[in-house]
Amino acid sequence: MQSASRQLRGRERVITANQQTSWAFADAFVAEDDALHWARDRARDSGLPSVSPGTGAALRLLAATADAKAVAEIGTGTGVSGIYLLHGMRPDGVLTTVDLEPERQQFAKEAFRAAGFAANRARFIPGRALDVLPRLADGGYDLVFCDGDRTESLDYLAESLRLLRPGGLVCFEGVFADGRTVDSAAQPAEVLRVRELLRAVRESAELLPTLLPVGDGLLCAVRRP
């Protein structure tokens, strides 16, 4: 029995060309509008990464499934992920988004407006996430999306557990780290922290997790009631 189990695990680790093609197809399945293209262009011009269409669509779906009225986002960027989150949220929902660079948030404001969202649908807070998050309300959020400094991932997790209502969702972008998370070679501190995050989420008694193979990896977990 143990031998068969080991063989199964070995087969699961093999990634075929067909699987890679299927994942690429899934990631490009969702069409994007002019506002998203504009936000992506601003990100590219600024040298910033932005979530893939597949990741954005997953965030939109999760926000809609949670019937999210209050969402906190770590890492505004130029507004790509925020547009997806807002599309999934309730019409009266408010996105609270935090970023160290106010200039990026200005791009996001323009992108949100171009996407048709009223100004009161988003609250922009400039500053370091770990300085801002402690000021947000305990249990006041339906979803927390983390796309900030990977070396602070475990701290984001701790804050997210405090911020989320029971049944709320926490999501972390970029947990594949361009394939380095599963690479056996020596890795920088940020990748080691992502590995610690994956272990912490998987082993937490408070969370029900899954790892979605979209974009650069989206780690999601529900806070158990």
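Helix α8 (residues 153-163) packs against α9 at an angle of about 30 degrees, and their axes lie 8 Å apart. Axes here are lines fitted to C-alpha atoms, for helices over the stretch in contact, and angles run from 0 to 180 degrees between N-to-C directions. α8 is therefore roughly parallel to α9. Angles under 35 degrees count as roughly parallel, over 145 as roughly antiparallel, 65 to 115 as roughly perpendicular and the rest as oblique. On the α8 side, S153, L154, D155 and L157 take part; they meet R193, E196, L197, A200 and V201 of α9. Contact means heavy atoms within 4.5 Å. By class, this contact has five nonpolar, one polar and three charged residues. Ala, Val, Leu, Ile, Met, Phe, Trp, Tyr, Cys and Pro count as nonpolar, Asp, Glu, Lys and Arg as charged, and the others, Gly among them, as polar.

The model is predicted: local features need pLDDT of at least 70, side-chain atom pairs count only at pLDDT 80 or more, and totals for chains, interfaces and linings use all residues. Residues are numbered from 1 along each chain as its sequence is written, and side-chain values use heavy atoms, with hydrogens and water left out.

Now the whole chain. The protein chain has nine helices and seven strands. Helices (H or I, at least four residues) and strands (E, at least two) are DSSP runs, numbered from the N terminus. Along its principal axes, the C-alpha trace spans about 60 × 35 × 35 Å. Of the 225 residues, 46% count as buried. Buried means under 20% relative accessible area, exposed over 50%, and partly exposed in between (1.4 Å probe, protein chains only). Among contacts with a separation of 6 or more, 67% join residues 24 or more positions apart.

Turn next to α4 and α5. Helix α4 (residues 53-65) and helix α5 (residues 80-88) pack at an angle of about 30 degrees, their axes 7 Å apart. That makes α4 roughly parallel to α5. The crossing of α4 past α5 is right-handed. A crossing is left-handed if the near helix is turned anticlockwise from the far one by less than a right angle, and right-handed if clockwise. From α4, the contact draws on P53, G56, A57, L59, R60, A63 and A64; from α5, on S81, Y84, L85, H87 and G88. These residues divide into seven nonpolar, four polar and one charged.

α5 also packs against α3. Here the angle is about 155 degrees and the axes are 9 Å apart. α3 and α5 are therefore roughly antiparallel to each other. In α3, A35, L36, A39 and R40 meet V80, I83 and Y84 of α5. This contact has six nonpolar, no polar and one charged residues.

What does R40 touch, not counting residues up to four places away in sequence? Its partners are E32, S50, V51, S52, P53, V80 and Y84. R40 sits in helix α3 (residues 34-46). R40 is buried, with a relative accessible area of 12%.

A177 lies in the loop between β5 (164-173) and α9. A177 has a positive phi of about 50 degrees, although it is not a glycine. D178 lies in the loop between β5 and α9. D178 has a positive phi of about 55 degrees, and it is not a glycine either. Is each side buried or exposed? A177 is buried, with a relative accessible area of 0%. D178 is exposed, at 65%.

Beyond α9 comes A205. A205 is found in the loop between α9 (189-203) and β6 (207-212). A205 is exposed, with a relative accessible area of 71%. A205 and C220 are 15 residues apart in sequence and 15 Å apart in space, C-alpha to C-alpha.

P209 lies in strand β6. P209 is partly exposed, with a relative accessible area of 33%. Leaving out residues up to four places away in sequence, P209 touches V201, R202, C220 and A221. P209 and A221 are twelve residues apart in sequence, yet 3.9 Å apart in space, C-alpha to C-alpha.
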